[in-house]
Amino acid sequence: MDKVLQFADTVMEHVVEPAKYASQPAPWVTLVEQGTQFLRVVWACCQIVEWIGLID
């Protein structure tokens with residue numbers, strides 16, 4: 001899962017952030033940004049589930 005988070009960060013840094021500052025950002029920029037945010041949420045949920053599993 002850490003590789004997924006690293007991938008999401010890389011996409012945000014090298015694809016989404018530069019594209020957001022274009023004179024007319026393409027519609028896919030928002031879609032990619034939302035997708036990477038979704039991956040971060042999934043990663044956080046997996047971390048919580050793993051943490052709860054360690055409690056038992």
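This is a working chat about the predicted model shown above.

Biologist: What should I know about the model before we start?
Modeller: The model is predicted, so local features need pLDDT of at least 70 and side-chain atom pairs count only at pLDDT 80 or more, while totals for chains, interfaces and linings use all residues. Residues are numbered from 1 along each chain as its sequence is written, and side-chain values use heavy atoms, with hydrogens and water left out.

Biologist: How many helices and strands does the protein have?
Modeller: Two helices and zero strands. Both kinds of element are DSSP runs numbered from the N terminus, with helices being H or I over at least four residues and strands being E over at least two.

Biologist: Is the protein spread out or compact?
Modeller: The radius of gyration is 14 Å, well over the 10 Å from the globule rule for 56 residues, so the protein is more spread out than a compact globule. That radius is taken over C-alpha atoms, and the rule is 2.2 Å times the number of residues to the power 0.38. The C-alpha atoms fill a box of roughly 55 × 15 × 10 Å along the principal axes.

Biologist: How much of the protein is buried?
Modeller: Buried residues are 16% of the 56. Buried means under 20% relative accessible area, exposed means over 50%, and partly exposed is in between, with a 1.4 Å probe and protein chains only.

Biologist: Which residues are buried in α1?
Modeller: In α1 they are Leu5, Ala8, Val11, Met12, Val16 and Ala19.

Biologist: Where does α1 bend?
Modeller: At methionine 12, by about 40°. The bend is the angle between axes fitted to the seven residues ending there and the seven starting there.

Biologist: Which residues make up the largest nonpolar core?
Modeller: Val11, Met12, Val16, Ala19 and Val29, five residues in all. Helix α1, residues 2–20, gives the largest share, with four residues. A nonpolar core here is a set of buried Ala, Val, Leu, Ile, Met, Phe, Trp, Tyr and Cys residues joined through side-chain atoms within 4.5 Å.

Biologist: What does valine 16 touch?
Modeller: Not counting residues up to four places away in sequence, valine 16 touches Val11, Val29, Val32 and Glu33. Contact means heavy atoms within 4.5 Å.

Biologist: Is glutamate 33 buried or exposed?
Modeller: Glutamate 33 counts as buried, because its relative accessibility is 17%. Glutamate 33 lies in helix α2, residues 27–55. With residues up to four places away in sequence not counted, glutamate 33 touches Met12, Val16 and Lys20.

Biologist: And which residues is threonine 36 in contact with?
Modeller: Ala8, Val11 and Met12, leaving aside neighbours within four places in sequence. Threonine 36 is also found in helix α2, and is buried with a relative accessible area of 4%.

Biologist: Last one: what about valine 42?
Modeller: Valine 42 lies in helix α2 and counts as partly exposed, at 28% relative accessibility. Valine 42 and valine 15 are 27 residues apart in sequence and 21 Å apart in space, C-alpha to C-alpha.
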